[in-house]
Amino acid sequence: MKNFTLTVLLVMTTSLLFAQQDNKAKEILDKLSATTKSYKTIQIDFSFTLENQQEDIKETNSGWVALKGDKYRLHMPALGMDVYSDGKTNWSYLPDAGEVNVTDNTPGQDNSLNPANLFTMYEKGFKYRYIGEEKVDGKNAYVIDLYPKDLKKDFTRVKLYVDAAKYHIIKAITYSKDGNIYTVALKNMKTNKDLPDSYFKFDTSKHPDVDVIDMR
């Protein structure tokens, strides 16, 4: 009977601790969301690292992303690609190939590794847990684990680091089922720059020699 009572108390204590952690995580994520949505535009440089210890792979590349509401523009020179999106249409421009692929923008599509989605991906489709605080590049950061509710996703967890002072994302680490670990580290963030809507659309008139492949 004594062991049973201790077991019940342990389960209750653990459940209460997890509930507190979930509440703490939600509080942080809500503040992060509110802060992000308070900006008219966001421009940020980032590094993108792919690591697979079993395959002895570690590659780091850099890029930048600009955001305005549901619009974004993504520049990843290592991939030889620029992506424009006005919220309805996506243009994937491949300068070396001399072509641009045009597709419909599909809300909710599984594109979790896209830095453009990093600011909103946590808002739905995830369970979350507050882990604690760590120092990241000299900044105090809240650490939150995100777990996809859909177990068919190709990743198992995202570890999110949030600046404890400014409620900005510092970095995110995604653990894939295939053993790959993707780390996106954000830096040099600029907000509320004047970016016209045309900045997020690919202008074919400025690229007359580019082959337009409409896949819609």
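Helices (H or I, at least four residues) and strands (E, at least two) are DSSP runs, numbered from the N terminus. In these terms the chain has 1 helix and 12 strands, and along the sequence they follow the pattern α-β-β-β-β-β-β-β-β-β-β-β-β. The model is predicted, so local features need pLDDT of at least 70 and side-chain atom pairs count only at pLDDT 80 or more, while totals for chains, interfaces and linings use all residues. Residues are numbered from 1 along each chain as its sequence is written, and side-chain values use heavy atoms, with hydrogens and water left out.

We begin with the sheet. Two strands are said to pair if DSSP finds at least two bridges between them. By this rule the 12 strands form an open sheet, in the order β7-β8-β9-β10-β11-β1-β2-β3-β4-β5-β6-β12, with mixed pairing. At its edges stand β7 and β12, each of which pairs on one side only. From one strand to the next, the twist averages 20°; for such angles, axes are lines fitted to C-alpha atoms, for helices over the stretch in contact, and the angles run from 0 to 180 degrees between N-to-C directions. As a general principle, strands of a sheet pair through backbone hydrogen bonds, either parallel or antiparallel.

Two pairs of strands illustrate the antiparallel case. Strand β7 (residues 126-136) and strand β8 (residues 139-148) pair in the antiparallel sense over 10 bridges. Within this pair, Gly132 stands opposite Val143 in β8. The two strands β7 and β8 form a hairpin with 2 residues between them, and Asp137 in the turn has a positive phi of about 50°. The second pair consists of strand β3 (residues 71-76) and strand β4 (residues 81-85), which run antiparallel and are joined by 5 bridges. Here Arg73 has Tyr84 in β4 as its bridge partner.

The next topic is the interior. A residue is buried under 20% relative accessible area, exposed over 50%, and partly exposed in between (1.4 Å probe, protein chains only). Of the 216 residues in the chain, 39% are buried. The chain exposes about 12,900 Å², of which carbon and sulfur atoms supply 50%; accessible areas come from the Shrake-Rupley method with a 1.4 Å probe, and for residues only the protein chains shown count as cover.

In soluble globular proteins, nonpolar side chains tend to be buried together. A nonpolar core is accordingly defined as a set of buried Ala, Val, Leu, Ile, Met, Phe, Trp, Tyr and Cys residues joined through side-chain atoms within 4.5 Å. The largest nonpolar core has 34 residues, and those with the most contacts inside it are Phe46, Leu146, Leu160, Ile169 and Leu186. Strand β1 (residues 42-52) gives the most to this core, with 5 residues. Apart from this core lies another, of 7 residues, among them Tyr84, Val100, Phe202 and Val210.

Contact means heavy atoms within 4.5 Å. Leaving aside its neighbours within four places in sequence, Ile169 is in contact with residues including Leu32, Leu118, Tyr122 and Leu186. Among contacts in the chain between residues at least 6 apart in sequence, 48% join residues at least 24 apart.

The C-alpha atoms of Thr191 and Gln43 are separated by 6.2 Å, although the two residues are 148 residues apart along the chain. Beyond its neighbours within four places in sequence, Thr191 is in contact with Tyr39, Thr41 and Ile42. Thr191 counts as partly exposed, because its relative accessibility is 28%.

Ser176, in strand β10, is buried because its relative accessible area is 14%.

Finally, two loop residues deserve attention. Tyr167 lies in the loop between β9 (155-163) and β10 (169-176), and its phi is near 55°, a positive value in a residue other than glycine. Tyr167 counts as buried because its relative accessibility is 15%. Asn192 is placed in the loop between β11 (181-191) and β12 (211-214), with a positive phi near 60°. Asn192 counts as partly exposed, at 45% relative accessibility.
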